[in-house]
Amino acid sequence: MDQQRRGEDKRAREKRAPSIADFLIQFRWIVVIPVILPLSFLFYQLVRWLPTIWTLLHGLPSEESHRAAVERVRRRVKQRDPQRDGLVCTARRPWLGVALRNAEHKRGARYEVDLGELRNVVWIDRRRLLIKCEPMVTMSQLSAATLPFGVAPEVLPELDDLTIGGVINGYGIEGSSHIYGLFAETCSAFELVLADGRVVRATADNEFSDLYKAVPWSHGSIGLLVGVEIRLIPVKEFMKVTYTPVVGSLAKIAEVYEDLFCPRDLDQDNPEKVPDFVEGIVYSGSTAVITTGRYATREEAARKGNVINDFGWWWKPWFHIHAQSALERGTFVEYVPVRSYYHRHTRSLYWEGGLIVPMGNHPLFRLLLGWLMPPKVSLLKLTQTDGIRKYYIQRHACQDMLVPNHKLAACLEFCHENFETYPLWLCPHRLFKTEMGTMLDCEPGFSSNKQPGDTDYAQMWTDVGIWGVPGPVLRCEVWDGVQATKNMEKWLRDNRSYQCLYAEVEQSEGEFWQMFDPSLYNAVRNKYGAESAFMSVYYKISNCKKGSKHGKKD
Ligand SMILES: NC(=O)C1=CN([C@@H]2O[C@H](COP(=O)(O)OP(=O)(O)OC[C@H]3O[C@@H](n4cnc5c(N)ncnc54)[C@H](OP(=O)(O)O)[C@@H]3O)[C@@H](O)[C@H]2O)C=CC1
Ligand SMILES: C=C(/C=C/[C@@H](C)[C@H]1CC[C@H]2C3=CC=C4C[C@@H](O)CC[C@]4(C)[C@H]3CC[C@]12C)C(C)C
């Protein structure tokens, strides 16, 4: 796409008058800094210490205490009267979850099952490199339970408050997903309570393998997840991080990004040629920094001439701003303690923190109040006005899309045209071939025409994260967020790609099932009696507003 056409598009857009919502958003920090930040800090301290206090009072969680909690869930499911009660969903309050969307399905007729008790790590087996967790365990609990032992989950999604149940029934991704896939693919077993009250353990190759394959992306519409076994890997104490700047067209950015982790000789499983972590941040239509990471020992980090930078400290610049400095400095390398690396976007909520606390990256703010960051997403959700919520739908971009790598350049061009929102986040991930009719699968026939990154058993894809204020909105021009989302959904359907479902979904049920494959999902819902017991995935993620089927009590 040439610069000239982009310029013409900008000139063609009408101007609009600033509204009250623009004002509210600009000055939201007046409430966030003195109220939400201290409350968030207190909340984090509670969450940090409560499990220890609980353990002191009640003893260590065990398989027995887990089984007792599962039994209570099972009994509640069994007690549901199909004639009288609504369809099943979890009892988690919508504001407590990380997802941006308003969970309307928690307002109408429903039968709630409380999973709140299931918030413990049941056991960790360092010999077999496995951890068993309950679904309400959060990412911060997961890293705290594993890193002190020199092990970590293969994929550890970034935001502290995400739950294991949420990232399996939705999706979870991190910079190591180009090796291990999405979070659900790093789990070796799911323990589920089914519609008839049976408790089953589903794995990739037991009699419940269809359930195991169908649960990811199903949003709790197949069964209630009550336990998960997650694979672990041994990790070193540091990450050697290399920042590579790119200046050029969006196509060049896509090419340099891909070259950094997809060897052109297709030797994808060779750890010498593929880094442990990859992430791209696109700062404008012509600049980006690609970050690659390799685990390193403390000895290597401490070697003469190496730079150690623990950017996890509150007074340090936000990660995306620090990475951007590579555009001036050129390529540079530094060693970062792994925990700080894993949580590199936590303090700034990626770059969304800048909109909520505009002075948050100022050196003085960081020094004096940086330790209070980030505001807790749930408290932001709880205290946002209807105006703010609508602003996020109409004048803000918050969407993620999964595209095969060979369509990335075209996707970036589309994003520029449709959203013009920067920075953009690029996170590669493997999509493992199933050929079972799973909601997501590789492009048919990809393995007979492999592109760099592909293997016989998996295709390389990228998550493109679009979060922020679109260019036209910044310039006070007319821009319609709902229409932009519809355009994006159409682009994804036309290009056999997928929308991530934690944000607003505008497409109809028919369009949704053009994007996602319903074959296995429907077969499993039917086989295990979920259709008449659990709300459907579309009903949940579309805010029940589009006459979706299987949503209401018949
Ligand atoms: N780095 C990453 O990968 C990031 C991922 N996200 C996305 O944000 C979303 C929100 O996360 P989070 O707040 O933890 O999750 P939520 O509580 O929002 O749950 C997400 C969905 O999964 C269902 N669900 C959750 N737990 C269970 C369970 N134990 N059994 C059955 N169904 C369950 C919920 O059902 P119900 O509606 O009935 O409660 C809901 O539909 C995730 O889905 C994730 O995809 C967001 C940011 C970053
Ligand atoms: C999908 C990924 C990361 C996404 C995050 C950047 C967004 C996920 C949820 C988003 C938010 C939820 C609710 C909010 C309340 C509003 O009042 C303000 C905005 C926000 C905090 C919003 C900000 C962006 C998210 C955190 C990845 C990494 C795959």
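User: Which residues are closest to ligand 1, and how many surround ligand 1?
Analyst: Ligand 1 is surrounded by 28 residues, and the closest are Gly97, Gly165, Gly166, Gly170 and Gly220. A residue counts as near a molecule if its C-beta atom, placed from the backbone, lies within 6 Å of it. This is a predicted model, in which local features need pLDDT of at least 70, side-chain atom pairs count only at pLDDT 80 or more, and totals for chains, interfaces and linings use all residues. Residues are numbered from 1 along each chain as its sequence is written, while chains are lettered from A and ligands numbered from 1 in the order in which they are written.

User: Which element gives the most to that shell around ligand 1?
Analyst: Helix H6 does, with four residues. At least two residues each come from strand E1 (88-90), helix H6 (164-169) and strand E8 (224-234). Helices (H or I, at least four residues) and strands (E, at least two) are DSSP runs, numbered from the N terminus.

User: How do the residues of the shell around ligand 1 divide?
Analyst: There are 15 nonpolar, 10 polar and three charged residues. Here Ala, Val, Leu, Ile, Met, Phe, Trp, Tyr, Cys and Pro count as nonpolar, Asp, Glu, Lys and Arg as charged, and the others, Gly among them, as polar.

User: Now ligand 2: which residues are closest?
Analyst: Leu100, Tyr350, Glu352, Leu380 and Gln384 are the closest of the 19 residues that surround ligand 2. Two or more residues of this shell come from each of helix H16 (377-383), helix H17 (386-394), strand E13 (397-404) and strand E15 (458-468). The shell around ligand 2 holds 12 nonpolar, two polar and five charged residues.

User: Which domains does the shell around ligand 2 draw on?
Analyst: Domain 1 (66-234) and domain 3 (389-503) each supply at least three residues to the shell around ligand 2. The assignment also gives domain 2 (238-346); such bounds come from an automatic or database domain assignment.

User: How many residues of domain 2 are in contact with domain 3?
Analyst: On the domain 2 side there are 22, in contact with 18 residues of domain 3. Two residues are in contact if their C-beta atoms, placed from the backbone, lie within 7 Å. Strand E10 (277-284) and helix H9 (250-259) each give two or more residues to the side of domain 2 that touches domain 3, and E10 provides the largest share of that side, seven residues.

User: Changing topic, how many helices and strands does the protein have?
Analyst: The protein has 23 helices and 16 strands.
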